[in-house]
Amino acid sequence: MNYKVNEKGYYGDFGGAYIPEMLYPNVEELRQNYLQIIAEPDFQKEFHQLMKDYVGRPSPLYLAKRLSQRYGANIFLKREDLNHTGAHKINNTIGQILLAEKLGKKRIIAETGAGQHGVATATVCALRNLECVIYMGEVDIERQAPNVARMKMLGAKVVPASSGSKTLKDATNEAMRDWINNPIDTHYIIGSVVGPHPYPDMVALFQSIISEETKKQLIEQTGNDQPDYVLACVGGGSNAMGMFYHFMDDENVQLIAVEAAGKGVSSGFSAATTYLGKEGVLHGSRSILMQTPDGQVVEPHSVSAGLDYPGIGPQHAHLFKTGRGKYVSITDEESLEAGLLLTQLEGIIPAIETAHALAYLEKMEFKAGDNVVVCLSGRGDKDLDTYIKYFNL
Amino acid sequence: MSLFLKSQISNLNSIEMNRIKQLFEKKKNILSIYYTAGYPDLIDTVRIAEALEKSGADMLEIGFPYSDPVADGPVIQASSKQSLDQGMTLNILFGQLKELRKNVTIPVLLMGYVNPVLQFGVENFCKACAEVGVDGCIVPDLPMVEYEEFYKGYFEEHNLSNVFLITPQTADERIKKIDSLTNGFIYLLSSSATTGKNLEVGNTTEAYFSRIQNMNLKNPTMIGFGISDKQTFDKACAYSNGAIIGTAFVKAIANGNIEQNVSDFMKNFKG
Ligand SMILES: Cc1ncc(COP(=O)(O)O)c(C=O)c1O
C-alpha cells in the first residue's frame, strides 16, 4: 500500500486541489516548485541550521518513568513542546518562510486556532523581516489570549474572523479570501496538513523531522527503531503526520490518531471528524469532514482550539480509510484530566491539544516491554486560563 | 424512470436548451444578474427571477448557498447564511426552479460551491438541473482536471454549460484549455478578488481585457466581479459580450418590496 501523495496530488481517494481559479496561479506556482526548492542544497543547509540553532532541534525523546510505571509500558515523549515558540508548528513555518523567500513573496498570511501556528508564523516573519497578517477566530482570540499578545509583540497584525463558529475553520476561510485578494506578492503559510495539493505534502515533509529524529533516538535508547505504538493528536493533523511519516511503511508499528470528542462524540458538540464525518471537499481538498446531508459544513466543538476543526488532512483520511491508522477520540474532560496527570507525574504542562493524545493511554492495554511514543506536540502555557477554570486553581 | 421517458426529457431539454447560446447569438451588451436563492426570504427565489426578466435582465445566475463561501465577500456571505438559516437546500431550490420556469424564459445558471453538489451526487445534480430547465452551472471550486476526467460527461449529457472563471493572472495556455472545455461563455474576473470589490478599470485591467479580446476565443466572454452601475457596466461591455452584477444587486433587494427594488435597480442600467 502506498501512503504518499501521487503525481496528481491524491492519497487514494483524497486530496486534489479544489480551489477557485483566483488561487490557481499561486497554488500551481508552489506545486511546480516546492520539491525542487526543498531539495536544493542551500535550502537544506539553511533549514537544518535554523532547526538546530534557532528552534533547538533535535527535540529530546524522553522516557517518562512515572508515566511508564502507571501504564506498564515504556512511554516515550517526543518533546516538541521544547521547540522555540513551544510547539511543533515552527518546523513548518521555518520551511515555508524559506520557500516563500525563494518565490520572491513579500507578505505572509496565516490562519491560527490555538495561536501556536500564528505565533510560529509571526516569529519567522520577524526573523526574516516580512509583513505578517494572522487570521484568528473571535472565540479563539479570547481563549488563547497569551498567544494573541505574543503575535502582536512579534509585529503581526491579528485579524479576527467573526463568521460561523468563529474558530479555526472560519479563520482559514478568511485567510483564503485574503489570498484571493492579494494574488501577486503574498504567500499563505497553512498551518496543518490540510488545504489544496501541494500543502498537505509540503507540510508533512517539513514536519517529518519529528519521526526522522524519533527513529534515531529510539535506536540509541532501545536498540530498535520500531516502537509498538506511536500516538498523536489530530486537528488538521500536522504533528500526527510528522510523527507517523517515517513509520507509515513499518506495518508493525501501530499509528494512533486522537481526535477531539468535545462534550462526547454524539453530543452535538464534538470535533471527532472520522467518527462524525463523510467524504467531501473542505478548504481545497477532498477529505473527510463533518457536514449535513446537504453538504453544509457542521460547526465543530472542542475545548482545545487547535483541534476544533471539522475536517482532517487528506492523508489522514487515506490512513483512516485504508485502516493503516487507528482513529479514536477523547472528550474535553478526559483531556484536561490527562493534562493535569502529566503535570503531576512528570512536571510537564502539556497543551490541551496534546493532552488528548496522552488521555488515550488510559484506554490502551499494554504488554510489558511495549515501546510507545507520544508526540508531545506543545506546551500548555497558552492554556493556563482553561486549566485554571476547570480545576479551580 | 423508464429509459424512454428519460431520453424524451433530455431531448426536450436539448431542443429548448442552449438558451445561453441563443442569447449570445442575438444580443450584445448582455446584462446578467446574480442573486442568492432563498434570500431575503426563502420563497423569494421565483419572484426575483420574474421581476428581473420583466425589467430587462438577459440572464440569471442563481446562487445556491454554502456554509463556507471562500470566494465571496461579506454581502454574499451574509445572504448565503441567511438563506441557509431559513432552511434552503438543493432539493428545495430545484422545486423553486421548476416553479420559476413556468414564467421565466431567459437563461438560468446555478452558481455555488462543489461540496453540496458532491453530496447531492454530480450525476443527480446535472439531471435535476436539466429537468427544471437550468441551462448552465458555475462551480468555482470544481477544478478543470476533475471536471474533465470525471464529470464532463454528465454535464454534456444534460446539455448544461459549465462556465469557468479566469483572472488577470490566468495564463494564455490555460485560457485556451478552458475555452476548449466549455460551451457557454467564459467568466472574466475583472481582478483576482472575492465578490463585492469595486471595479477600477485602470491601464492594467484594460490591457488584460484587450489581451483576452484578441485571443479570438470560441466562447463569448462576460465580465464579472465589481460591476455595480451603468458606468462600470458600459466599460465592461466595451471589452466583452456583457457583464454580471452580483453584490450590488443583492444589497439592493435586502429590504423592502422585491418588485419595486428590482425595477428601481434595473432602471440604473437602461438608457
Ligand atoms: C500544541 C498543538 N498540538 C496540536 C495542534 C493541532 O494541529 P495539528 O493537528 O496540525 O498538529 C495544535 C494546533 O494549534 C497545537 O497547537
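**View 1. Area buried between chain A and chain B of the predicted model**. About 2700 Å² is buried between the two chains, with carbon and sulfur atoms giving 50%; buried area is the accessible area (1.4 Å probe) that two parts lose on being put together, summed over both. On the side of chain A, A:Glu21, A:Met22 and A:Arg177 lose the most area to chain B, together 23% of what that side buries. Contacts (heavy atoms within 4.5 Å) link 33 residues of chain A with 35 residues of chain B. The model is predicted, and local features need pLDDT of at least 70, side-chain atom pairs count only at pLDDT 80 or more, and totals for chains, interfaces and linings use all residues. Residues are numbered from 1 along each chain as its sequence is written, chains are lettered from A in the order in which they are written, and side-chain values use heavy atoms, leaving out hydrogens and water.

**View 2. Salt bridges across the interface of chain A and chain B**. Three salt bridges are found (a side-chain nitrogen of Lys or Arg within 4 Å of a carboxyl oxygen of Asp or Glu). One pair in a salt bridge is A:Lys169 and B:Asp68, whose closest N and O atoms are 2.7 Å apart.

View 3. A polar atom of its side chain lies 2.6 Å from the backbone oxygen of A:Ile210. Not counting residues up to four places away in sequence, A:Thr214 touches A:Leu61, A:Lys78, A:Met243, A:Phe247 and A:Val373.

How values were computed. Polar contact = N/O pair within 3.5 Å; in protein donor to acceptor, adjacent residues only side chain to side chain.
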